[in-house]
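Here is a briefing on one protein chain. The points are grouped by topic, and cut-offs are given where a term comes up.

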Amino acid sequence: MNGEPRVLTQDELWAEARERFGQAPQDWAFQCPSCGDIATGHDIRQALLHHPRKAEGLSRDAEYTEVLGQECIGRVLGKTAGRGCQYAAFGFIHGPWQVAIPYRTKPMYCFPLAPAPAGEQGAGQ
């Protein structure tokens, strides 16, 4: 993680994710900038089903959107899972991507999108 963060709008992030992985957010993949683990939306949803959070007032969908691209899957699975790490984009070191969200006054920080699956560049087209 070096240099300035990439700055983009929520629409730009979604457009790039759709182009790379298709329309379904559960197929979108983000890469942890610390350990390199790549987790899809499906991976995060499954991890949260098996390791639910205790946050009050959050639906499963809200939990999912708060984690996808913002926390390494290791934070959800726990230290003994053997996958991922404890890194979060909103932690002491932000980013590396900064996303402007229309309804927020402060930007959201997230992980970069993972590379497109081999042979599937432009899957959303």
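G91 is partly exposed, with a relative accessible area of 26%. Buried means under 20% relative accessible area, exposed over 50%, and partly exposed in between, with a 1.4 Å probe and protein chains only. This is a predicted model: local features need pLDDT of at least 70, side-chain atom pairs count only at pLDDT 80 or more, and totals for chains, interfaces and linings use all residues. Residues are numbered from 1 along each chain as its sequence is written, and side-chain values use heavy atoms, with hydrogens and water left out.

**Fold and burial**

- The chain has four helices and five strands; helices (H or I, at least four residues) and strands (E, at least two) are DSSP runs, numbered from the N terminus.
- Read from the N terminus, the order of elements is β-α-β-β-α-α-α-β-β.
- Of the 125 residues in the chain, 37% are buried.

**Loop between α4 and β4**

- G91 is placed in the loop between α4 and β4.

**Aromatic pair and charge over a ring**

- The count of aromatic pairs is one; rings of Phe, Tyr and Trp (its six-membered ring) pair if their centres lie within 6.5 Å, and planes under 30 degrees apart count as stacked, over 60 as edge-to-face and the rest as tilted.
- The pair is Y87 and F111: ring centres lie 5.7 Å apart and planes stand at 35 degrees, so the pair is tilted.
- Y87 lies in the loop between α4 (73-77) and β4 (97-100), and F111 in the segment after β5 (108-110), so the pair ties together parts 24 residues apart in sequence.
- Both partners are buried: Y87 has a relative accessible area of 12%, and F111 has 2%.
- R6 has its charged end over the ring of W97, 4.6 Å from the ring centre; the rule asks for NZ of Lys or CZ of Arg within 6 Å of the ring centre and within 35 degrees of the ring normal.

- In helix α2 (residues 41-50), the buried residues are G41, I44, A47 and L48.
- Seen down the axis of α2, these buried residues fall within an arc of 125 degrees, so they line one face of the helix; the arc is that of the directions from the helix axis to the C-beta atoms.
- An α-helix has 3.6 residues a turn, so residues three or four places apart point the same way.
- G41 of helix α2 has a relative accessible area of 0% and is buried.
- G41 and F30 are eleven residues apart along the chain, and their C-alpha atoms are separated by 8.5 Å.
- E16 lies in helix α1 and counts as buried at 17% relative accessibility.
- From E16 to W28 the C-alpha distance is 9.9 Å, across twelve residues of sequence.

**Largest pocket**

- The largest pocket holds about 380 Å³ of space.
- On a 1 Å grid over the protein atoms alone, a pocket is an open set of points with protein on both sides within 12 Å along at least five of seven lines, a cavity is a set where a 1.4 Å probe fits but cannot get out, and lining residues have an atom within 4 Å of a point.
- Grid points are joined across faces, edges and corners, and a volume is the space filled by probe spheres set on the points.
- The lining has 17 residues, of which Q10, W14, T65, L68 and M108 lie nearest the pocket centre.
- α1 (10-21), α3 (60-67) and β5 each supply at least two lining residues, and α1 gives the largest share, with four.
- By class, the pocket lining divides into eleven nonpolar, three polar and three charged residues.
- Ala, Val, Leu, Ile, Met, Phe, Trp, Tyr, Cys and Pro count as nonpolar, Asp, Glu, Lys and Arg as charged, and the others, Gly among them, as polar.

**Cavity**

- The structure holds one cavity of 30 Å³ or more.
- The volume of the largest cavity is about 60 Å³.
- Residues lining the largest cavity include F30, I44, L68, E71 and F111.
- The cavity lining has eight nonpolar, one polar and two charged residues.
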